[in-house]
Amino acid sequence: MKTISIIASPRKEGNCITAAKQITKNTDNTTYFVDDMDISPCQACDKCGPGLDCAIKDDFLKIYDEIAEADALIFASPIYFGETSAQAKIFMDRFYSIVRNPDKKLDSKKTIFITAYAGPQGAFTDYTVAKSKTFESIGCKVEACIDMGNSNPLAKADGSDELAKKLDEITL
């Protein structure tokens, strides 16, 4: 199975990538850090539409094509001050061009949406589920929303961590 992981965290070894690695460990996965890519914010220029791609020619278009070809998408973002990261916002705002071009919709693309935060476990569960709807707007089928509170590093390699077990149960 071919998977694409989009990590919207500036931390290269943080909770987002740790969770994504656990979910994709038995897949052919390619990981992208939004922070390392040249992705500009949507300009709402309305140059996209039926049959027309986004007018901004940057890494988003390349990564979108790879997502379209993959079997599953994993998207992970930290929550800072009650919101997904700025990197996540820039990436998801570019979905505007996909919504406006029905040919670009991701027909039931299996998607896992992950958030990580320092607050108590469950503090952002409703937010995580609500934010995952953004992916449904572009045709994805969100199969799991994982919210990781308490800055859970998934450090217990012996499988004794409840969250690690939950991630292992996700089938791609």
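**Entry 1: Lys104**

I began with Lys104 and looked up its contacts, leaving aside neighbours within four places in sequence: Lys104 touches Asp53, Tyr64, Asp65 and Ile98. This is a predicted model, so I am reading a prediction here. I then asked where Lys104 is found, and the place is the loop between α4 and β5. I also checked how far Lys104 is from Tyr117: the two are 13 residues apart in sequence, and their C-alpha atoms are 32 Å apart in space.

**Entry 2: helix α2**

Tyr64, one of the contacts of Lys104, took me to helix α2, which covers residues 59–69. Which residues of α2 are buried? I found Phe60, Ile63, Tyr64 and Ile67. Looking down the axis of α2, I saw that its buried residues fall within an arc of 105°, so they line one face of the helix.

Next I asked what the buried residues of α2 pack against.

**Entry 3: the rings**

Phe60 made me curious about aromatic rings. How many aromatic pairs does a search of the whole structure find? I noted 11. One of them is Phe60 with Phe91, an edge-to-face pair with 5.1 Å from centre to centre and 65° between the planes. Phe60 belongs to helix α2 and Phe91 to helix α3, so this pair ties together parts that are 31 residues apart in sequence.

Are these two residues buried or exposed? Both Phe60 and Phe91 are buried. For Phe91 I wrote down 1% relative accessibility, which is why Phe91 counts as buried; the cut-off is under 20%.

I followed Phe91 on to Phe95. Their ring centres are 5.9 Å apart and their planes stand at 80°, so this pair is edge-to-face too. Phe95 counts as buried because its relative accessibility is 5%.

Then I asked which residues the ring pairs link into a cluster. The members I noted are Phe60, Tyr64, Phe75, Phe91, Phe95, Phe113 and Phe135. Phe60 and Tyr64 were already in my notes as buried residues of α2.

**Entry 4: a charge over a ring**

Last, I looked up Lys12. Its charged end sits over the ring of Phe33, at 4.8 Å from the ring centre.

Notes:
Residues numbered from 1 in each chain as written. Predicted model: local features only at pLDDT ≥ 70, side-chain atom pairs only at ≥ 80, totals over all residues. Heavy atoms only, no water. Buried < 20%, exposed > 50% of the residue type's maximum accessible area, 1.4 Å probe, protein only. Helix = DSSP H or I, 4+ residues; strand = E, 2+ residues; numbered from the N terminus. Arc of directions from axis to C-beta. Contact = heavy atoms within 4.5 Å. Phe/Tyr/Trp six-rings, centres within 6.5 Å; stacked < 30°, edge-to-face > 60°. Lys NZ or Arg CZ within 6 Å of the ring centre and 35° of its normal.
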